[in-house]
Amino acid sequence: MTTSAGYRKPLPYPENREFTKPFWDAAKRHELVLPRCKQCAMYHFYPRETCPNCFSLDIEWVPASGRGRVYAFTIVHQAAHPAFQEETPYVHAVIQLDEGVRMISNVVGCAPTPEEVKVDMPVVVTFDDVTPEWTLPKFRPA
Ligand SMILES: [Zn+2]
């Protein structure tokens, strides 16, 4: 069976879903949020229940700009998970967000080639409704 986005099931699902629920709920609304420490005001990503800067447990989810730059990328021809093999080739990238954190995602909306995707290329978030339950933040050229 394939999803509307063409993925073969079963898809891998996030761990620690209870803590990251605000992130996934926002993605479903096509909004990007990031965890930020209420004590020292630093953003962090991946989501952690403890601030990696000051070890506070007082974390809030705040709207993010959705803007950033490609920090690093690779073009995947052999997917690490079989659910994504039909999507190859695709761009697996580390995005440096304007908030100062890095997020692993995909670059979409351009050809998955080194001629089209460049390190330091400005990108903006877009949302991929991969299933009725799950939406993934991805990035396209800005
Ligand atoms: Zn902190």
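Q: Let's start with a pairing: which residue in strand 7 is the bridge partner of Phe127?

A: Phe127 has Pro137 as its bridge partner in strand 7. Strands here are DSSP runs of E of at least two residues, helices are runs of H or I of at least four, and both are numbered from the N terminus. Keep in mind that this is a predicted model, where local features need pLDDT of at least 70 and side-chain atom pairs count only at pLDDT 80 or more, while totals for chains, interfaces and linings use all residues. Residue numbers run from 1 along each chain as its sequence is written.

Q: Which residues have the most contacts inside the largest nonpolar core?

A: A nonpolar core is a set of buried Ala, Val, Leu, Ile, Met, Phe, Trp, Tyr and Cys residues joined through C-beta atoms within 7 Å. Buried means 20 or more other C-beta atoms within 10 Å of the residue's own, exposed means 12 or fewer, and partly exposed is in between, with C-beta atoms placed from the backbone. The largest core has 14 residues, and Val70, Phe73, Ala93, Ile95, Val107, Val123 and Phe139 have the most contacts inside it. Strand 3, strand 4, strand 5 and strand 6 each give two or more residues to this core. Its largest share, four residues, comes from strand 4.

Q: What does Ile95 touch?

A: Contact means C-beta atoms, placed from the backbone, within 7 Å. Leaving out residues up to four places away in sequence, Ile95 touches Gly68, Val70, Tyr71, Arg102, Met103, Ser105, Val123 and Phe139.

Q: Which residues other than glycine have a positive phi?

A: Phe55 is one of them, at about 70 degrees. Phe55 sits in the loop between strand 1 and strand 2 and counts as exposed because it has 10 C-beta neighbours inside 10 Å. Asp120 is another, with phi near 80 degrees. You'll find Asp120 in the loop between strand 5 (102-107) and strand 6 (122-129), and its 8 C-beta neighbours inside 10 Å are why it counts as exposed.

Q: Is Lys118 exposed or partly exposed?

A: Lys118 is also in the loop between strand 5 and strand 6. Because it has 14 C-beta neighbours inside 10 Å, Lys118 counts as partly exposed. Its C-alpha is 14 Å from that of Tyr90, 28 residues apart along the chain.

Q: Where are the cis peptide bonds?

A: One runs from Phe45 to Tyr46, with omega near 15 degrees. Tyr46 belongs to the loop between strand 1 (33-37) and strand 2 (59-63). Another joins Thr88 to Pro89, with omega near -5 degrees, and Pro89 is in the loop between strand 3 (67-76) and strand 4 (90-97).

Technical notes
Two residues are in contact if their C-beta atoms, placed from the backbone, lie within 7 Å. Two strands pair if DSSP finds at least two bridges between them.
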